[in-house]
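Trainee: I'm new to this one and would like a close look at a single part. Could you pick one residue and walk me through its surroundings?

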Amino acid sequence: MTRITEAGLVEATGLEAVAFDGVPDSLAALGSGAGSAGDVLVSYSPRGGGEALFALLALAASREGFEGTAVAIAPEWNAAARRVLGLVSPRAYTLRALVAPQLEPTAGVVEAGNGEDALPVTPARVVGALARAGDRDLFRRALAGLEGLAAKHGGAVRGVEDRVELVLLARRVAALEARSAGVQLQMILPERATVDLTIDGLATALDRLEGSLRKRLNDRKVRGSDDGLRAALLPILERAGELRGAIPWPLAQGDSEAIDLVGAGSEEGLVAAAARGRLDVEALCGIVTAAMDPRLRLPLLSAGSELPLPL
């Protein structure tokens with residue numbers, strides 16, 4: 001809060017840090033002070049504008065009768081955060097959003113992309129990245145193996161540019177990658193390992209993968225966790241949302257998923273659905289921000305169905 005005051009970002013006197021049980025320190029730093037037009041609330045998150053905004057909305061909602069100015073500050077506001085900002089229009093108080101790269105400890109440093117914003121494609125399309133006919137045949141056979149595992153264990157496979165990912169219990173557990181040197185199987189959970197696939201070794205590699213996955217699937221702690229709950233709720237979410245052509249875990253966002261289902265609703269067009277055992281501010285931020293992602297439409301549009309889907 002001292003650095004925010006010194007930078008002249010907020011016109012407020014006595015700006016001090018405040019604690020609020022609904023917002024963990026890992027999500028945002030909160031503050032309050034007095035401005036010329038009333039009380040001022042401040043939220044700063046180094047993680048991004050979306051996190052700063054949700055923390056601020058939660059803090060303002062906890063202040064009954066708040067009618068002052070609320071300011072959300074972050075080093076950057078990505079496209080998803082700006083889309084969420086466009087949906088927020090509180091009537092009781094004034095909302096401001098500020099970008100402040102000077103508050104970021106690593107200001108000036110640009111991080112390389114991690115591929116988590118890759119465009120989804122149908123799994124069968126990924127094989128086109130392979131030049132050799134033998135590699136394409138191997139990839140198709142390995143893909144059939146992943147699809148079998150998804151069908152057996154209530155999971156999903158999704159294509160993402162140069163790879164096909166297997167998702168079980170709301171977690172990315174394996175990936176089949178099309179590389180210039182051939183086909184590679186990445187085992188992600190419960191333990192990481194990499195296997196260069198061959199025709200002769202394919203069955204052994206898939207057996208090893210399934211054996212590893214069974215350990216996690218049969219673990220009572222995992223089944224009783226939030227991940228297990230989300231997997232069990234998939235058919236209930238589909239019925240509750242009256243979804244057609246529902247696709248589970250459609251977004252590639254790293255090892256953990258934010259959206260559990262996307263489908264065509266009866267009236268609303270595109271519908272994104274998510275479940276959590278405990279829905280706190282941080283989880284809500286992740287869900288709503290991900291629901292604004294335009295990539296959610298692509299799996300439905302490329303699925304080959306002719307479902308009515310207003311864009």
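Mentor: Let's take Arg230, which counts as buried because its relative accessibility is 2%; buried means under 20% relative accessible area, exposed over 50% and partly exposed in between, using a 1.4 Å probe and protein chains only. Bear in mind that this is a predicted model, where local features need pLDDT of at least 70, side-chain atom pairs count only at pLDDT 80 or more, and totals for chains, interfaces and linings use all residues. Residues are numbered from 1 along each chain as its sequence is written, and side-chain values use heavy atoms, with hydrogens and water left out.

Arg230 sits in helix α8, residues 226-232. Helices here are DSSP runs of H or I with at least four residues, strands are E runs of at least two, and both are numbered from the N terminus.

Now for its neighbours. Leaving aside residues up to four places away in sequence, Arg230 touches Ala170, Trp249, Glu257, Ala258, Asp260, Ala275 and Arg276; a contact means heavy atoms within 4.5 Å. With Asp260 there is also a polar contact, side chain to side chain, at 2.8 Å. That term covers a pair of N or O atoms within 3.5 Å; within protein, one must be able to donate a hydrogen and the other to accept it, and residues adjacent in sequence count only if both atoms are side-chain atoms.

Zooming out, the protein chain has 11 helices and 14 strands, and 45% of its 311 residues count as buried. Of its contacts with a separation of 6 or more, 57% are between residues 24 or more positions apart. Its C-alpha trace spans about 75 × 45 × 40 Å along the principal axes.
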